[in-house]
Amino acid sequence: MPVKQGYHSNNTKSVDKAVFITGCDTGFGNLLAKRLDSKGFHVFATCLFPDRDGALELKESGSKRLHVLHMDVTKDESVKDALEFVKENLGSSELWAIVNNAGIVKGFSVEFSTMEDFKDCLDVNTLGPVRVSKAFLPLLKQSKGRIINITSPAGVFPIPFCSPYCTSKYAAVGFNDCFRFEIDIWGIKVISIEPDMFLTGLTDPKTLEEKLDSSIKDLGNNIKEEFSEEFIDSVKKTKDFFISFACPQVNLAVDALESAICSTYPDLTYRPRRNIAFRFALFFYENLPKCCQFFFLKVASYIFLSNPQKKKNL
């Protein structure tokens with residue numbers, strides 16, 4: 001654990017402080033809600049599917065301070081209803097932080113993705129944080145609290161064959177950095193969390209394989225005729241290979257989220273990584289010139305991917 005994170009982790013008292021978290025069905029949001037509840041915070045944990053196992057387990061395991069409620073970050077009315085619920089149930093607490101954690105992964109390469117894949121990723125990963133932040137801003141002005149956005153390294157450097165997700169995260173990083181400056185005059189902090197690839201619902205191998213198969217099935221015939229079966233198989237194998245490196249130590253990301261909420265002087269950006277070597281590798285790649293990043297990706301594609309073009313019969 002970084003020195004700063006460890007030193008400041010308990011500086012903000014949890015008494016009479018509430019935290020609003022999106023995307024608590026599974027993953028970071030679910031674990032963060034449990035941890036903050038155990039530390040005495042008043043927690044509002046929103047779930048897209050409040051009747052499924054993740055939300056039900058959260059309800060059963062939490063104290064009376066933890067409220068589980070339905071919210072769809074893509075719907076204005078749903079966000080408005082959640083805001084009214086928070087106002088009615090805050091009691092003597094003040095809204096100290098909102099955590100924009102809800103996210104999705106859809107689509108693959110541009111040609112393998114539909115316009116709906118791009119729209120869905122943007123609506124959840126980019127417009128979701130915008131929608132929630134704007135709605136809860138009046139409460140945060142009263143507390144001079146903070147907004148924590150889960151962004152991604154995919155919003156800082158390109159990850160091919162993940163185009164809709166990357167597009168949405170690049171936009172989310174831009175929103176985060178602009179918004180941080182714009183509301184600084186109100187004493188509100190805007191913090192970005194750029195986690196390593198952790199093993200969560202977003203990186204579940206089975207789910208990703210089903211999405212890829214669905215994308216390929218929905219491709220137009222002209223696209224299917226252009227790409228060789230060997231190339232499509234190599235894309236699947238490459239995906240499986242990289243997903244196998246997903247880090248199971250999800251608590252590292254939750255530690256960073258807790259620090260962002262509790263530290264008196266939080267960092268502008270937290271980058272939870274599995275180890276120093278991986279931290280250095282991502283830092284090195286991020287700071288390479290674009291031409292060097294492109295060359296690196298070309299070498300990687302030469303190693304992992306087959307020729308996408310079908311062989312023509314002579």
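Leaving aside its neighbours within four places in sequence, which residues is Ile148 in contact with? Contact here means heavy atoms within 4.5 Å, and the list for Ile148 runs Ala97, Ile98, Val99, Asn100, Ile191, Ile193, Leu257, Ala260 and Ile261. Before going on, keep in mind that this is a predicted model, where local features need pLDDT of at least 70, side-chain atom pairs count only at pLDDT 80 or more, and totals for chains, interfaces and linings use all residues. Residues are numbered from 1 along each chain as its sequence is written, and side-chain values use heavy atoms, with hydrogens and water left out.

Let's start inside. Ile148, along with Ile21 and Ile261, has the most contacts inside the largest nonpolar core, a set of 33 residues. A nonpolar core means buried Ala, Val, Leu, Ile, Met, Phe, Trp, Tyr and Cys residues joined through side-chain atoms within 4.5 Å; buried is under 20% relative accessible area, exposed is over 50%, and partly exposed is in between (1.4 Å probe, protein chains only). Helix α10, residues 251-262, gives the most to this core, with seven residues. There is also a second, separate core of 26 residues, and Val73, Leu137, Leu139 and Phe179 are among its members. The helices and strands named here are DSSP runs numbered from the N terminus (helices are H or I with at least four residues, strands are E with at least two).

Now step along to Ser152, in the loop between β5 (146-150) and α6 (163-182). Ser152 counts as buried because its relative accessibility is 8%. Its side chain reaches the backbone nitrogen of Ala154 at 2.9 Å. Not counting residues up to four places away in sequence, Ser152 also touches Tyr165, Lys169, Ile193 and Glu194.

Next, the charged pairs. A search of the whole structure turns up 16 salt bridges, each being a side-chain nitrogen of Lys or Arg within 4 Å of a carboxyl oxygen of Asp or Glu. In one of them, Asp255 pairs with Arg35, with the closest N and O atoms 2.6 Å apart. Asp255 sits in helix α10 and Arg35 in helix α2 (residues 27-38), so the pair ties together parts that are 220 residues apart in sequence. Asp255 is buried at 17% relative accessibility, while Arg35 is partly exposed at 21%. These two also belong to a network of salt bridges that links Arg35, Lys39, Asp255 and Glu258.

Other pairs sit within a single helix. In α6, Asp177 and Arg180 are three residues apart, about one turn of the helix, and their side chains meet in a salt bridge at 3.1 Å, N to O. Asp177 is partly exposed at 41%, whereas Arg180 is buried at 16%. Glu116 and Lys119, in helix α5 (residues 115-143), are separated by about one helical turn because they are three residues apart. The closest N and O atoms of their salt bridge are 4.0 Å apart.

Finally, look at the surface. Phe241, Phe242, Phe245, Phe295, Val299, Tyr302, Ile303 and Phe304 form a nonpolar patch with about 870 Å² of accessible area together. Patches are made of residues with over 30% relative accessible area and no salt bridge; like charges are joined within 9 Å, and nonpolar side chains (Val, Leu, Ile, Met, Phe, Trp, Tyr) within 5 Å. The areas come from the Shrake-Rupley method with a 1.4 Å probe, and for residues only the protein chains shown count as cover. Helices α9 (229-243) and α12 (290-304) each give two or more residues to the patch, and α12 gives the most, with five. Phe242 lies in α9 and counts as partly exposed at 39% relative accessibility.

Notes
Polar contact = N/O pair within 3.5 Å; in protein donor to acceptor, adjacent residues only side chain to side chain.
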